[in-house]
Amino acid sequence: MILDGVRPCHKQVRIPVMSATLEGDLCLGTKPGIVLFAHGSGSSRNRYVASTLQNAGLGTFLFDLLTMDEERIDERTGQLRFDIGLLADRLTAATDWLAKRAGNAKIGYFGASTGAAAALVAAAKKQEIVRAVVSRGGRPDLAGQFLDKVRAPTLFIVGGNDRPVIGMNQEAFDKLKMKDKKIEIVPGATHLFEEPGKLQDVARLARGWFEHYLH
């Protein structure tokens with residue numbers, strides 16, 4: 001797959017979005033699928049999942065939905081990561097940027113924490129482009145009225161010991177109207193999947209979902 005002169009792994013890109021500039025790492029795979037990673041604040045765990053997808057031949061696009069200045073503000077206030085409208089608008093803009101350059105590549109979203117809600121809102125707005133969504137320890141309930149507008153096959157991955165978030169995911173899951181949807185509970189995992197082997201479980205589940213729906 002050729003992306004307007006961009007060479008595979010890794011290409012640093014800058015995307016102007018209204019008054020902000022988003023920075024990210026783009027990696028092209030050998031298979032016709034690219035997964036955009038969405039999180040409200042920095043997450044090194046996404047890089048592990050991305051490397052698993054890359055090893056499977058999928059492309060990845062890792063970037064922060066907040067600028068560095070906004071990250072510093074959010075570290076103090078914790079507010080911007082919950083501005084789902086802002087995060088979703090930026091993810092949508094990044095999707096448009098990628099779609100113009102990616103030809104016929106199939107696009108998926110991997111959302112973590114509040115980024116999962118942003119991914120679902122963006123998927124609802126980009127039904128014709130987004131082919132699959134995976135949420136890790138997410139807050140899909142924050143997608144609100146957009147949940148029943150999502151058409152992409154959607155997988156929720158939740159830690160078995162993350163009990164409040166399990167309930168939030170079940171509530172959101174019940175509002176999804178598409179046929180292909182699933183909740184995977186990872187036994188013994190807490191919210192950040194820090195326990196030995198649990199992040200590997202997340203990566204394996206995400207890889208299987210994207211391989212199925214983006215190929």
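The questions below ask how labels for this predicted model follow from their cut-offs.

The model is predicted, so local features need pLDDT of at least 70 and side-chain atom pairs count only at pLDDT 80 or more, while totals for chains, interfaces and linings use all residues. Residues are numbered from 1 along each chain as its sequence is written, and side-chain values use heavy atoms, with hydrogens and water left out.

Q: How many helices and strands does the protein chain have, and what makes a run count as one?
A: Helices (H or I, at least four residues) and strands (E, at least two) are DSSP runs, numbered from the N terminus. The protein chain has 6 helices and 8 strands. Along the sequence they follow the pattern β-β-β-α-β-α-α-β-α-β-β-α-β-α.

Q: How do you know whether the radius of gyration of the protein chain agrees with a compact globule?
A: The radius is taken over C-alpha atoms, and the globule rule is 2.2 Å times the number of residues to the power 0.38. For 215 residues the rule gives a value near 17 Å; the protein chain has 16 Å, so the two agree. The C-alpha atoms fill a box of roughly 45 × 40 × 35 Å along the principal axes.

Q: Why is V165 called buried?
A: Buried means under 20% relative accessible area, exposed over 50%, and partly exposed in between (1.4 Å probe, protein chains only). V165 has 8%, so it counts as buried. V165 belongs to helix 5 (residues 163-175). Contact means heavy atoms within 4.5 Å. Not counting residues up to four places away in sequence, V165 touches G137, G138, V158 and H191.

Q: What share of the protein chain is buried?
A: Buried residues make up 54% of the 215 residues.

Q: Why is helix 4 called largely enclosed?
A: Of its 12 residues, 11 are buried, so the rest of the structure largely encloses helix 4. Among them are T114, G115, L120 and V121. The buried residues pack against strand 3, helix 3 (84-101), strand 5, strand 6 (130-136) and strand 7 (154-159).

Q: What makes F37 and F110 a tilted aromatic pair?
A: Rings of Phe, Tyr and Trp (its six-membered ring) pair if their centres lie within 6.5 Å; planes under 30 degrees apart count as stacked, over 60 as edge-to-face and the rest as tilted. The count by this rule is 5 aromatic pairs. F37 and F110 lie 5.1 Å centre to centre, with 40° between the planes, and are tilted. This pair links distant parts of the chain: F37 is in strand 3 (residues 33-39) and F110 in strand 5 (residues 106-112), 73 residues apart. F37 and F110 are buried.

Q: Why is K181 said to sit over the ring of F173?
A: The rule asks for NZ of Lys or CZ of Arg within 6 Å of the ring centre and within 35 degrees of the ring normal. The charged end of K181 sits over the F173 ring, 4.5 Å from its centre.

Q: What makes a set of residues a nonpolar core, and which residues have the most contacts inside the largest one?
A: A core is a set of buried Ala, Val, Leu, Ile, Met, Phe, Trp, Tyr and Cys residues joined through side-chain atoms within 4.5 Å. The largest has 46 residues, and L36, F61, L91, L98 and Y109 have the most contacts inside it. A second, separate core of 23 residues includes F37, V49, A203 and L214.

Q: Buried or exposed: how is F193 classed, and how is S113?
A: F193 has 2% relative accessibility, so F193 is buried. S113 has 31%, so S113 is partly exposed.
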